[in-house]
Amino acid sequence: MFDEEDDFAKKNTSEQFDLENSDAVQSPTLANMYHDWFLDYASYVVLERAVPDVVDGLKPVQRRILHAMKEIDDGRFNKVANIIGNTMKYHPHGDASIGDALIQLGQKDLLIETQGNWGNILTGDSAAASRYIEARLSKFALEVLFNPKTTIWKLSYDGRNKEPVNLPVKFPLLLALGVEGIAVGLASKILPLNFNEIIDASINYLQKKPFELYPDFPTAGMADISKYNDGLKGGKVRVRAKINQLDNKTLVITEIPFGTTTTSLIDSIVYANDKGKIKIRKIEDNTAQNVEIVVHLAQGVSPDTAIDALYAFTSCETSISLYSCVINKGKPAFMSVSEILKTSVDRTVELLNKELQIQLAECEDLWHYASLEKIFIEEKIYRDIEECETWEEVINAIDKGLEPFKNRLKREVTQEDIIKLTEIKIKRISKYDLSKAEEVIQSIEDDIEQCIVNLNNITAYAIDYFKHIKSKYGKGKERKTELRSFESIEAAMVAAPTQKLYVNRKEGFAGTGLKKDEYVCDCSDIDDIIVFRNDGTFIVTKIADKIFVGKNIIHIAVFKKNDDRTIYNIVYADGTKGNIMVKRFAVKGVTRDKEYCITKGTQGSRILYFTANPNGKAETIRVHLKPKPRLKNLFFDFDFGKLTIKGRNSWGNILTRHPIRKITLQNEGISTLGAREIWFDESVKRLNVEGRGVSLGSFSANDKILTIMKSGNYKITGTELTTHFDDELVIIQKYEPSIVITSIYSDKKSGYIYVKRFKPEISDKKITYLPNDIDYEQLYVTCDFYPRVELVFSENKKGKNFEEINISEFITIKGVKAKGKRLTNKTITKIIMLDSLPYEPPDLNIDNTNNDEYQNNDNYTEKIEEDNLQMKLEL
């Protein structure tokens, strides 16, 4: 019985195995088929659609468009619809993909000349229908892209036509155009570079000199290339719009980041305003040929903070990730921008070498036939065929007649050469000019010699070729994008305070949704808040609609990270029977939602007195003690200014060992933080206190900064670190009431050169100090009190051709709107700024914290003039 069951089990197992084995045979076949088909599809998309070839820098559809345009090129514009139709002979993916690629090529303004409405890369407007717009190849494309003699051909997709495998491009075209494509599991994004800089880098590479290449965008704007990484995968470029301050309530965007349009930019600004990130009143799009987006700010919004907020919360700043992927030798490869340039330049040298070799062979053929023709006619060999009756006799007679002269030739005479001689007409023979024929041969010999020289010096020939391309096509292709470093903007520091913070001290809740409770301050929805409690603990947490922060709240405010200007003054009792302690501290960096203790941590400790001072004020308090035997003085005063500011973890100093009845404020006091040193970082054009850039000096709360622009404007600003400065900035320094600005400028129309001296007036607006009624150019500007200048005149036999002028003696200090004084009546050829004379500003013991008062004080001005006159007399 058991044997029968075992046999049955074995039989079923065997059948099951056979079924499983059958499935196992079929399943791998389907998997393999799927694998092969998907791999074929993925490879096709990578190689034939999305990724450019490093050899000519073109995607297949771009290559086919350019080839089709060359086929129908007659120098005139062709309808884009006709170009698309002709391209469809080579491209199997329909007219839509061809049309889109053609529009993109035309908008790059390099290979294709356009006519009609081709859209706008600034506004994002699309082009008109293909039947309404026209195009033709540019002169640059005709010169650089095509040469059928050096082109390798292949059959088109249907086998009816021939198309180029690669165009013989003699230029790093891929870097000039840039590319963006998405394939199967692969992407390519190479940013466009500047045309002239590509040529300069190519020449440097041929000369074995170092070179650097960075992006240049048709939309201009600004770019931070600190993480460019030579375009390789993992690199990143931050791009920004250029935002100018028109006045205190208006900003103007004049350039946009690459990859955005005015429409998308405005949408992002409106979205940020709706979300409460920024505050604007309205926005206007006046873009035509140039970008002009006018942003009107809401009442009370700082323009500097608004600019930072636009960068932080809108598309005014974007980040572009790089994937420098190309097809190299039939396979996708990641190559840096420098490697792509080197490959393209090597390819250019190779093509130039080929063209020279072809030209040399053609010249040698021309020389051979011209020399053969000369011998044939000059030696009258044509007479030898007069008695020949057959074609073979004619060929043999000519060959025999040429035999004595073959040593004059550089190669053997072929039957084709002899047949060509038989095709010479009698009229040509009768009018043959021997001297002219020798001139032609000499010209061909000169061309041959030049070809040989160029082949032997192919690198120098390639350098001359690139210089020729730059001189012919480089005009108008100057860099548009400004390269500079961007400062990091903390979103919480620039977010508009569109929310209101409330607190319920009794229940221990805080948030923006507790509108029936106590109002604290305005805030944004991304701020952190700091909460101090009566037991000597505090916490920093993210703002929310409603959040529990602990009961017995004594202080709540918006927290600013790394803020060393806000100083907390506290008095606390150390436990129930301990000493009364006093301390001053700042809260800089903390961990969010972690509880910190500002006392010793003794059980029963509590805060007796607490103030938060944004500018580090140190008040004086009166401490009232509880009466007890033998205690004579029941109160005393304590000045927090005598206490050193320490860290939040310090225990503090003993204020008293006696119990306290109450503490009252006696005097608010002044700030004990003193002046802080401020630096200006030229690379990002921002102020900082970390020591980056040039020191502007030490600044107190009311001190100002003077900035002077090349355009003939000046502005006096505060010392806020968020202040933005003009790109035309030429002078930035600490403002002093005694500063005198000296400007030398020329009237472009008359050619006269003027000088003026004036004291800047304090104003929060940008002030123009040069005349508005003339077209001027500011030549020099300085804040030195005794500047000197040397004028060089055209040659004059009667006297010296130069003159030194002490400007402080030449012209007196006048008003801001004064035109100034003409420097000389002579023709000036050169102006040289000499070292200024030394000057020490007078010390009048005037409090610098009230500049407005003594700036307009007549006695003070007279005193300065007297000191200046006395100093000049001494000098």
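These legends describe close-up views of a predicted model.

**View A. Confidence along the protein chain of the predicted model.** The chain has a mean pLDDT of 87, and 91% of its residues reach 70 or more. In residues 1-27 the pLDDT is below 50, and this stretch has 1 contact in the model beyond near neighbours in sequence. Residues 844-875 also have pLDDT below 50.

**View B. Packing of helix α10 against helix α14.** Two packed helices are described by the angle between their axes and the distance between the axes. Here α10 spans residues 337-378 and α14 spans residues 434-456. Their axes are 9 Å apart and meet at an angle of about 155 degrees. Angles over 145 degrees count as roughly antiparallel, so α10 is roughly antiparallel to α14. The crossing of α10 past α14 is left-handed. Sorted by class, the residues in the contact of α10 with α14 are 13 nonpolar, 5 polar and 6 charged.

**View C. An open sheet of 4 strands.** Strands of a sheet pair through backbone hydrogen bonds, either parallel or antiparallel. In this sheet the pairing is antiparallel, and the strand order is β43-β40-β41-β46.

**View D. Pairing of strands β40 and β43.** Strand β40 covers residues 741-747 and runs antiparallel to β43, with 6 bridges joining the two. Opposite S743 stands V781 in β43.

Notes: Residues numbered from 1 in each chain as written. Predicted model: local features only at pLDDT ≥ 70, side-chain atom pairs only at ≥ 80, totals over all residues. Heavy atoms only, no water. Axes fitted to C-alpha atoms, helices over the stretch in contact; angles between N-to-C directions. Parallel < 35°, antiparallel > 145°, perpendicular 65-115°, else oblique. Left-handed = near helix turned anticlockwise from the far one by under 90°. Nonpolar A, V, L, I, M, F, W, Y, C, P; charged D, E, K, R; others polar. pLDDT = per-residue confidence, 0-100. Contact = heavy atoms within 4.5 Å. Pairing = 2+ DSSP bridges.
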